[in-house]
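Here is a quick look at aromatic rings and their neighbours. Have the model open while you read.

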Amino acid sequence: MPRLDAAPDYSLLARVLRDPATLDRMSSETFARAMDAAHSARLLGWLVEQVRVGHVPADAADWLRDRLMTADALARGYERAVLWEIDRLSRAFLDTDQTWILLKGAAYIAGGLPPGRGRRVADIDVLVPRADLERVEKILQENGWEFPEINAYDNRYYREWMHELPPMVHRDRGSVVDIHHAILPRTSRLKPSTERLLERATPGAEGLRTLCPAHMVLHAAAHLFHDGEIAGAIRDLVDLDQLLRSFGQDESFWGALLGEAVALDLTRPAYYALRYAHRWFDTPLPGDVAVAASAWAPPAAVRRLMDALVQRTIPEGFRDTSQAAVFALYVRSHWLRMPPLQVIRHLTRKSLRTRA
């Protein structure tokens, strides 16, 4: 058996993500290292799914098969836990006529989408109209969710500048719900219409609603390439690859994706999502889609810089990861999220708090 205290081998994980068939030819020890890295990168569910479709060494050692059985049970448990919390939310909103839809990981699981299989979710993300925030707070508080105590600055940060309320934690189960009124911060340079997202939401089982396919991809793109820090976000890029492959089987999806990227003013995040999903995982893109998206590219110098930064930081943990690149993407995410003066004040405050 491999050492249990060994650092995650993200380089090995990257090779496996690009070509899952390599799992078939691994020794049990190497497979276990890939498994450890997948677990660390929050991609254990992805690896378990590869095992379910047959990507496992034929001569796997008994101890590895035991680990795989445990991992399979763990992945199923992750899904059950999220579905239970979704059920509790549905019960809370029952008979209230409140408009709400699931976002991100919870939406993937509820919709039975590939990124949701065996997914570990830290919180349940929900989108509601901004005008309904006070009402939604009250509904959830009546059903056991509460705001943990936070300082005045953080409370203001969420309520005045961000696209979500402070996280709400259930007093009995400890589950976390993030209530969004938009998919990007209020201070962001891009302001996709929440009304458009809600109007085009897709109905699902048990009355649950999620973003429509084009909007789901665009939200994932915006979360990673506009609002996110990118470094270490290999799972987010895997999500984009899986969503594009799944939705792309319907030819009408691609036209909707291009049209909605323009309608929501998310063309640049969409460009990056298509570019890096294709570069990392060879995600199939129709030729006309790639040509159309190329019109949304940044200037050549910016594109080359982003290529270098992304290559060096997804996933964080590569041996050649540059801490300068990680820091540059961290600052970039805040620069896009807030006006310049506010960025300086916010990052200064965070730095002082970290040192305290």
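## A tilted pair

Are Phe247 and Phe253 buried or exposed? Both are buried (under 20% relative accessible area with a 1.4 Å probe, protein chains only; exposed is over 50%, partly exposed in between).

This is a predicted model, so local features need pLDDT of at least 70 and side-chain atom pairs pLDDT 80 or more, while totals for chains, interfaces and linings use all residues. Residues are numbered from 1 along each chain as its sequence is written, and side-chain values use heavy atoms, with hydrogens and water left out.

Searching the whole structure turns up eight aromatic pairs (Phe, Tyr or six-membered Trp rings with centres within 6.5 Å; planes under 30 degrees apart are stacked, over 60 edge-to-face, the rest tilted). Phe247 and Phe253 make a tilted one, at 5.7 Å centre to centre and 45° between the planes.

Tyr272 and Tyr276 are stacked, because their ring centres are 5.9 Å apart and their planes sit at 15°. They are four residues apart in helix H12 (residues 267-281), so about one helical turn separates them; helices here are DSSP runs of H or I, at least four residues, numbered from the N terminus.

After H12 comes Asp282, with a positive phi near 55°.

## Charges over rings

Trp280, one of the buried residues of H12, has Arg18 over its face, 4.2 Å from the ring centre. That counts when Lys NZ or Arg CZ is within 6 Å of the ring centre and within 35 degrees of the ring normal. Elsewhere, the charged end of Arg159 sits over Phe147, 5.1 Å from the centre of its ring.

Methods. Helices (H or I, at least four residues) and strands (E, at least two) are DSSP runs, numbered from the N terminus.
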